[in-house]
Amino acid sequence: MSPEADAGNAAGSDGTATPWGARLSAAGVGFRRDRVLAAVLAIAAVGLCFRLVALGARPFHWDEARVGYWTLRYLETGAFQYRPVAGGPLLYHLGRASFALLGASEFTARLPVAVAGAGLPLAALLFRDRLDDAETVALALVLAFQPLVLYYGRFLRGDVPLAVFGLVAVGFTIRAWDRGSRRDGYAAALAIPLAASASGFVAGYLLCGLGAWLLVVDQRSVAADGGRSARETLAAVRRRFAGTATPAARAALLSVGTAVFLFAPRAGPGVERGLYAPADLPYAIYEGTVGALWRFVGVRLVNRAPDGTHAFLPFVRDAVALLVAVALPVLVAGVAVTLLARYASPSRRRPLIEGAGYWGLLALVVFPTLAEVSAPWTLVHVVVPLSLPASVGFVALARRGIAAVPRSLGGAAAVDVGTAVAVALAFLAVGAQVGAVTAGGVYGPADRSNSLAQFAQPSDDLEPIEAAARAAADGNRSTAEVVYVGESFHLLDDATLRPPVGDAWGARLPLPWYVAVAGADATSAPSVSAFAERYGNGSAPPIVVADPAARAALADRLGDGYEATVYRLGLWNREVVVFTRRAAVRDRRLRGAGTTEPILPRPGGG
């Protein structure tokens, strides 16, 4: 198995077509290299537009609200410390910069993820040595517009950034091998810590990548030549790395330096030492490397059981069912091409396509196992690698359809009507499925009918709560504009809240984001009676949040001056009642309109 096998199959010297990659010119249509680059850039630009439209319209998921809230605190205090339970540090650094430049809103919070997702099609260019022109463009199209990737490219989680940097790391590694390029090696070394900083799911990428490489190397060796090709591959690796100590050290230094910058703490309230104090630099280097690794292992592995364990088969079953619903073309084409590549003759083997297929199939098992909840976002890490073999399959199918129709219909050659119609219907079905999922899922309502939404996605628009909190905010930290009522929401001290936070704060999600971004302050009371004792004689805050079961009792105490609205904070079984004082909100708006600090619309709102 030679590392040049994919390139050889993609552009055979004799120009003959193969199922795994001849140039599109074999079917009468061709792209020049510069046109391929232009096509991929255009795809990425259109993909960015698809990600930006109405980017701030959907209410924040609980995970998004958690990241957004702590990013606001990071912007306010400058304090940061990597906490594996809260995800990787990349989103916090990018979000802080986005908020500082453009203001805080759902739009600006999701903007870095949207931009990263729009760059995913550009990763197709890294595989041009092993894909032909049509396959490169097809891969870019799949990565840009596959509905699952598109939806979570408009979502404040690290899954799409991880997929971007994970695929980029693989692409640069393969190019470094094929071309003997040190620059590509350095780029791969930079992409690895960026992927790790996006999400702890990077552990799954390491497992899947290693498993796929072993399968590619070992499967053919065991089946065909008694281990000879495996020994040749290992010998080639040893030869390639011989005498590269200095470049390897540079790459390692680049990788470690990037990791330190991303993972090291920043000093501030609650964080005593940080990266930017010279005396604390050794501590910051440790915390940005070994310390961060041990934190991850401690939280995600050592202390995960028993609460973090779950039944294996139900999670895999849910994953497969969702893939069928939202990514059927990529799943079918990816699996089919992987199997065909596995059993192809040695001269027609394409290790990249075979390995990417193994990567995606392993991910279908690995990521539901690593995840603590059964969630659609884990399947981003399945769809992205399967896009490589799927794109090859789509191009092969298109060539089959084109070949069924002779270039000159007036000639003697007959038209293979059956094949042409079958191929046309297949692509029509693919387009219909992708279009339906995109319209109904990516841009559809955030309710239980949306197969791409997860349980913690609010079903109602929460903009009125933010607007009321913004109108009531007075800038005085000693007075709270929002009070949560009930033991499930009660915290001893909201003003000095520091991570780790308790379950009561989590029960409020995603409301802490909407209160904080409005500039309002919050407090809580453990019960309706405690609320009544604390707030008498009309002194209650302008906004009161409680469980719907307490609605009648609170309505009696608050009187007619408050308007009650029930909001669904999840897809099911998660409702709160929000009481808003009408007069206070109206008076605040009127006062703000006539002062030197008017109530401004949210910057960057979508």
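Start by selecting Asn573, in the loop between β4 (562-568) and β5 (575-581). Helices (H or I, at least four residues) and strands (E, at least two) are DSSP runs here, numbered from the N terminus. Asn573 has a positive phi of about 55 degrees, although it is not a glycine. Is Asn573 buried or exposed? With a relative accessible area of 74%, Asn573 is exposed. Buried stands for under 20% relative accessible area, exposed for over 50%, and partly exposed for values in between (1.4 Å probe, protein chains only).

A word on what is on your screen. This is a predicted model, in which local features need pLDDT of at least 70 and side-chain atom pairs count only at pLDDT 80 or more, while totals for chains, interfaces and linings use all residues. Residues are numbered from 1 along each chain as its sequence is written, and side-chain values use heavy atoms, with hydrogens and water left out.

**Zoom out**

Show the whole protein: there are 24 helices and 5 strands. Of its 606 residues, 51% count as buried. Among contacts with a separation of 6 or more, 77% come from residues 24 or more positions apart; a contact means heavy atoms within 4.5 Å.

Now pick Ala54, in the loop between α2 (33-52) and α3. Its phi is near 50 degrees, a positive value in a residue other than glycine. Ala54 is partly exposed, with a relative accessible area of 38%.

Next, go to Pro510, in the loop between α20 (503-508) and α21 (511-517). The peptide bond leading from Leu509 to Pro510 is cis, with omega near 5 degrees.

**A buried glutamate**

Select Glu64 in helix α3 (residues 62-77). Glu64 has 0% relative accessibility and counts as buried. Which residues does Glu64 touch, leaving aside its neighbours within four places in sequence? They are Arg58, Pro59, Arg110, Arg154, Phe155, Leu156 and Gln457.

**Helices side by side**

Colour helix α8 (residues 159-179) and helix α9 (residues 182-198), which pack at an angle of about 160 degrees with their axes 8 Å apart. That makes α8 roughly antiparallel to α9. Axes are lines fitted to C-alpha atoms, for helices over the stretch in contact, and angles run from 0 to 180 degrees between N-to-C directions. Angles under 35 degrees count as roughly parallel, over 145 as roughly antiparallel, 65 to 115 as roughly perpendicular and the rest as oblique. To see the contact, show side chains including Phe165, Phe172 and Arg175 of α8 and Ala188, Ile192 and Leu194 of α9.

Of its 21 residues, 15 are buried, so α8 is largely enclosed by the rest of the structure. Following α8 is Gly180, whose phi is positive, near 65 degrees.

Move on to helix α4 (residues 90-102) and helix α5 (residues 106-119), whose axes come within 9 Å and cross at roughly 130 degrees. The two helices α4 and α5 are therefore oblique to each other. Their contact involves Leu91, Leu94, Ser98, Phe99 and Leu102 of α4, together with Thr108, Ala109, Leu111, Pro112 and Val113 of α5.

**Along α18**

The buried residues of α18 are Thr419, Ala420, Val423, Gln433, Val437, Thr438, Gly441 and Val442. Covering them are elements that include α6 (133-145), α7 (147-152), α14 (312-326), α15 (328-342) and α17 (380-403).

**Charged pairs**

Side chains of opposite charge can pair when their charged atoms come close. A salt bridge is a side-chain nitrogen of Lys or Arg within 4 Å of a carboxyl oxygen of Asp or Glu, and the whole structure has 17 of them.

Select Arg470 and Glu466, which meet in a salt bridge at 2.8 Å, N to O. Both lie in helix α19 (residues 463-472), 4 residues apart, about one turn of the helix. Arg470 and Glu466 are both buried. Elsewhere, salt bridges that share partners join Asp63, Arg66, Arg157 and Asp159 into one network.

Asp159 counts as buried at 2% relative accessibility, and Arg157 counts as buried at 17%.

For the last stop, show Arg317 and Asp318, a salt bridge whose closest N and O atoms are 3.7 Å apart. Arg317 is exposed at 54% relative accessibility, while Asp318 is partly exposed at 33%.
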